[in-house]
Amino acid sequence: MKITIISFDNWGFNSHIVTALKKEGHCVYHINFNAFTYKYKTILYRYYNFFLKTIFKKNLKNIHYGKKILEKLRENNEIQDVILTVKGDFIDPKNILEFKKYTKKSIAYFNDSIYRCPKIKSVIPCFDEVYSFEKQDCKKYNLKFITNWIYPSEINSKQKTQYQIFNISSKDRRSPIISKITSILKEKKINYKIIVFDKGKKNNDPNIEYTSEQIPLTEVNEYMNNSQVLLDINRKGQKGLTFRVFESLSLEKKLITTNNDIKNYDFYNPNNILIINEKNITIPLDFFKNEYVKIPQAILKKYLVENWINHVLKLK
């Protein structure tokens, strides 16, 4: 099959879809529109964009992404069997409708909630099929439910764990909770490595390591292998499971998470997963003492990226 993946792949997760498809013998074209930089021509364009976003719900950057993607599709000059778009809310709806000229089927996947990214609503009608990791959005907007996926990662059994807890995230509204957690960890003398990606370079918490450079996924995997427990902080209004959950499953690492909905999944085991209340955070030291309980392969297999693509793209 001829398949194009269009994605804002700022962390590199979507490249695993491309790799898995190529391994199955498909002809795959990946358009990573994270590489399409946009700069305002003048300060007036910045004000104009503010006006567009406020009044007309348009965004010059999203329009730019859409135009550049269409250029790539025209260059490829082949009708695709499927175009799969990840984070389509970053693209202007008018441009998304144009994708259909280049494919027999246009599919979208969203691993953000509509509560957090309301623009998702405006692009849903532009696709033939829409998948989401958010159960409530699926129910309310008649979308198809699917989680994120487990991507291939090597367990380094010879590597000694240096950190008890590891987390990496972007600076956003979760930052106050992360700061609160790091204070508790320091007080309890729990060894941790917590990195926050912040373009503004405002290092406003001495307990957190800040970086303005995007860390490659291979390096993140090294940190995870070097840690006993992974920390997962879900965003407000989000119940969909982040990639940190699936990384913990893949690497057989324990997980501390604020996402209470995780207990409704078949891989949940309270020995492996500690659910914390962000308003009253409790991290018992006993959680670190018990060994990780392996999850049955039959359960893990369902979440592998290979099964994900077969389900979404109807390959088998």
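Trainee: What do the buried residues of H1 pack against?
Mentor: This is a predicted model, so read it with its cut-offs: local features need pLDDT of at least 70, side-chain atom pairs count only at pLDDT 80 or more, and totals for chains, interfaces and linings use all residues. Residues are numbered from 1 along each chain as its sequence is written, and side-chain values use heavy atoms, with hydrogens and water left out. Taking contact as heavy atoms within 4.5 Å, the partners are E1, strand E2 (27-32), E3, helix H8 (217-225) and helix H11 (305-313).

Trainee: And which residues of H1 are buried?
Mentor: H1 is the helix at residues 15-23; helices (H or I, at least four residues) and strands (E, at least two) are DSSP runs, numbered from the N terminus. With buried meaning under 20% relative accessible area (exposed is over 50%, partly exposed in between; 1.4 Å probe, protein chains only), you get His-16, Ile-17, Val-18, Ala-20 and Leu-21.

Trainee: Which residue of E4 is the bridge partner of Thr-85?
Mentor: Strands pair if DSSP finds at least two bridges between them. E3 runs parallel to strand E1 (residues 2-7) over 5 bridges, with Ile-6 as a partner of Thr-85. It also runs parallel to strand E4 (residues 106-110), joined by 4 bridges. On that E4 side, Thr-85 meets Ala-108.

Trainee: What volume does the largest pocket have?
Mentor: A pocket is an open set of points on a 1 Å grid over the protein atoms alone, probed at 1.4 Å, with protein on both sides within 12 Å along at least five of seven lines. Points join across faces, edges and corners, and the volume is the space filled by probe spheres set on them. Here that gives about 1500 Å³.

Trainee: Which of its lining residues are closest to its centre?
Mentor: Lining residues have an atom within 4 Å of a point, and this pocket has 46 of them. The largest share, 4 residues, comes from strand E7, residues 163-170. Closest to the centre are Phe-8, Asn-10, Phe-90, Arg-116 and Arg-235.
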